[in-house]
Amino acid sequence: MNFAIAILGLAFLILIHEAGHFFASLAVGMRPRKFYVGFPPALVKIRRRGIEYGLGAIPLGGYVRIPGMHRPAAKDIDHVFARALHTAPELVGPAERLKRALASEDFEAAKVRLAEFHQRALELGVPSVEKQVQDLEDALSPQAYWRAPTWKRVTAIAAGPLTNLVFAVVLFAIVFMVAGWNATNKVAVVLKDSRAQAAGLVAGDRVVGINGLPVAAGQISNRISASHGRPVTLTVLRNGNLTLLRAQRPQLDTTDNRYRLGFALAGQPLGFAAAVWQSLKTTGTVSRETASALGGLFHSKDRRQFSSSVGIVRNSADAVHYGWASYLSILAFISLSLALFNLLPLLPLDGGHIAFSLLEGIRGRAIAREVYERVSAVGITLFLLLFIIGLSNDVSRLGGG
């Protein structure tokens, strides 16, 4: 159940990211063609008002298909329709006329030539051209992404990560208002079958001493972790009486290499303004640390901080044990991480599309598709590298390494 909740939480973060793209695209006049959570093949799909909504079988992300991401060019035709031209040489003539229209940038004529090509392909019974024809029709439509002013393109792309960013700020603020910020010495949650439970700790106890020495609320976690697994004895205030609990050995939590007994402390709730301000400060701090970690990608210490989707789900599932506040905090961190990662200026990430849109706006003309493809290959390689590093870290943590 914990893992199911964790996966649903991650899917929801992806959903709101793609919803940001979707509604921003609609708002600026670029009507999307598809809105998917997960990648095809589709488990469920439905079409409404020309838009296909679907749930993909591969739960690694999601996407919104905006029409005409690239300016159509004459040289695209031979590549896009290579199989059809090989199957039916009779299509060479219509294809050449379409190429000439694209080469002269007469896009209205290109629509006519594309319709002629499509009709001829249907007459010849040539398979597998429907998708390619649809893609070109989208690229030639007034709603095409490449036709839009720079500000509209940047708005549509930036809306995804910005939605995750705003959602993270909102979640942090809710947690600070309800669950609190600075920890108190009051026990909020004791995990089932944990060392804390075996010691006799119960929710509502106030931890006032560790190993016979007084302890402040902000020192409790560090003092337990500093034991490095040696027996720890807690002194608690229960119903007005001091109670000495049974000694227990803290266990190593491999997610952050800290020793824990298995309980969570209650926090001091903040007012609305203070919670929002603390949320903004936390968002800024995490953003700086994330940028620093990315900058230290090739240093083993910083590299160990990365996690894949496996680790994300595992950490989210673990957070469920500590209550909804811990779970919402983890979701906020993940949402913020999604926003920051997607803003990296690498294709095919959102930040790469934003960077290229700005560059095209400055140049006053489109960048060739082959440049997009080469830069995307580099971006995908770096993305896979990060995923492999994160996965290897997760596997080592699962194994206790």
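**View 1. Buried residues of helix α14 in a predicted model.** In α14 of this predicted model, Asp350, Gly351, Gly352, His353, Ile354, Phe356, Ser357 and Glu360 are buried (under 20% relative accessible area, with exposed meaning over 50% and partly exposed in between, for a 1.4 Å probe and protein chains only). Helices (H or I, at least four residues) and strands (E, at least two) are DSSP runs, numbered from the N terminus.

**View 2. The length of α14 and what follows.** How far apart are the end C-alpha atoms of α14? They are 20 Å apart, which agrees with the 20 Å that its 14 residues (350-363) should span at 1.5 Å a residue (1.5 Å times one less than the number of residues).

**View 3. Helices α5 and α6 side by side.** Helix α5 (residues 107-124) packs with helix α6 (residues 130-140) at about 165°, their axes 10 Å apart (lines fitted to C-alpha atoms over the stretch in contact, with angles from 0 to 180 degrees between N-to-C directions). The two helices are therefore roughly antiparallel (an angle over 145 degrees).

**View 4. Where α5 meets α6.** From α5, Phe107, Ala110, Lys111, Leu114, His118 and Leu122 meet Glu130, Val133, Leu136, Glu137 and Leu140 of α6 (heavy atoms within 4.5 Å). These contact residues divide into 7 nonpolar, 1 polar and 3 charged (Ala, Val, Leu, Ile, Met, Phe, Trp, Tyr, Cys and Pro are nonpolar; Asp, Glu, Lys and Arg charged; the others, Gly among them, polar).

**Notes for all views.** Residues are numbered from 1 along each chain as its sequence is written, and side-chain values use heavy atoms, leaving out hydrogens and water. Local features need pLDDT of at least 70 and side-chain atom pairs count only at pLDDT 80 or more, while totals for chains, interfaces and linings use all residues.

Methods:
Parallel < 35°, antiparallel > 145°, perpendicular 65-115°, else oblique.
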